[in-house]
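Hi everyone, thanks for coming. Let me put the structure up, and then I'll walk you through a few places in it.

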Amino acid sequence: GETISRLRIEASQHALRAVGASVTGAAMEVGFATPQAFARAFRRYTGTTPSAYAKGEAVPSYPLPESEVRVVWREPTDVVALRRVGADYVAMNEAYGQLWAWAESASLLDSLQGIYGIAIDDVASVARGHARYDACIAVSTEVPSPFEHIALQGGNYASVIHVGSYDGLPAAEARLLGQWLTASPHEPADAPLVHHFLNDPDTTPEGEWSTEILLPLVSRRRRQ
């Protein structure tokens, strides 16, 4: 549960500051199966990466008013995805271009129900250029390779809107994880962050780009 998860992360902080400590060693010591799962959980609870913390960096405190974050219930969403590996979110534009060109050639744009992205890796926690990201569009159809069908899980999400360049997404995510989550009663689910792109960057000024950042939460039963 939430309390156990927080205690594991707190224990890992002591392990990471020990002489000669490694991220992998700390992950194994507190019971994480892989360093990747540990890095994701550590950043969600602290707002920083295990490697940065081990080097002596303080856990950041980001101002994020409670009113900016909502907990929302989302139904499962079927999407068509194309995975890309790159250095940051901006570098994923090529994947969206391929998705869009395919959807246009298949006459699917009129049935488009949303544009999403799945941050498989935390760009701050993996080697530069190795962050995996699934570019997604919500359409229902058979898909050819290299595209694939995947489902965005239903359930509770913490939702916050970022307005501006996609370069600012990592900082907005850090505020959500490092300030709101640590002070909230909610527990993050073991699933990656989702981006829901609310307008078209090709027709909208960069300063008005709007992205909903969705953090999956451990869901309680929805009230009827």
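Let's begin with a term: rings of Phe, Tyr and Trp (its six-membered ring) pair if their centres lie within 6.5 Å, and planes under 30 degrees apart count as stacked, over 60 as edge-to-face and the rest as tilted. By that rule, a search of the whole structure turns up seven aromatic pairs. One of them is Phe38 with Phe42, an edge-to-face pair at 5.7 Å centre to centre with 65° between the planes.

A quick word on the model. It is a predicted one, where local features need pLDDT of at least 70 and side-chain atom pairs count only at pLDDT 80 or more, while totals for chains, interfaces and linings use all residues. Residues are numbered from 1 along each chain as its sequence is written, and side-chain values use heavy atoms, with hydrogens and water left out.

Phe38 and Phe42 are separated by about one helical turn because they sit four residues apart in helix α3 (residues 35-46). Helices here are DSSP runs of H or I with at least four residues, strands are runs of E with at least two, and both are numbered from the N terminus.

Now to strand β7 (residues 193-197), where five of five residues are buried. Leu193, His195 and Phe197 are on one side and Val194 and His196 on the other, and both faces are covered. What pairs with β7? Two strands pair if DSSP finds at least two bridges between them. Strand β3 (residues 115-119) runs antiparallel to β7 over five bridges, with Gly117 partnering His195. Strand β8 (residues 210-216) is also antiparallel to β7, joined by four bridges, and there Leu214 stands opposite Val194.

On a 1 Å grid over the protein atoms alone, a cavity is a set of points where a 1.4 Å probe fits but cannot get out; a pocket is an open set with protein on both sides within 12 Å along at least five of seven lines, and lining residues have an atom within 4 Å of a point. Val194 and Leu214 turn up again here, among the residues lining the second largest cavity. As for the largest pocket, 15 residues line it, and Asn93, Tyr96, Asp200, Pro201 and Asp202 lie nearest its centre. Helix α5 (residues 93-105) gives the most to that lining, with four residues.

Two backbone details to finish. Ser145 and Pro146 are joined by a cis peptide bond, with omega about 10°, and Pro146 is in the loop between β4 (131-137) and β5 (148-152). Ser107 is not a glycine, yet has a positive phi of about 55°. Ser107 is in the loop between α5 and β3, and at 65% relative accessibility it counts as exposed.

Conventions. Buried means under 20% relative accessible area, exposed over 50%, partly exposed in between (1.4 Å probe, protein chains only).
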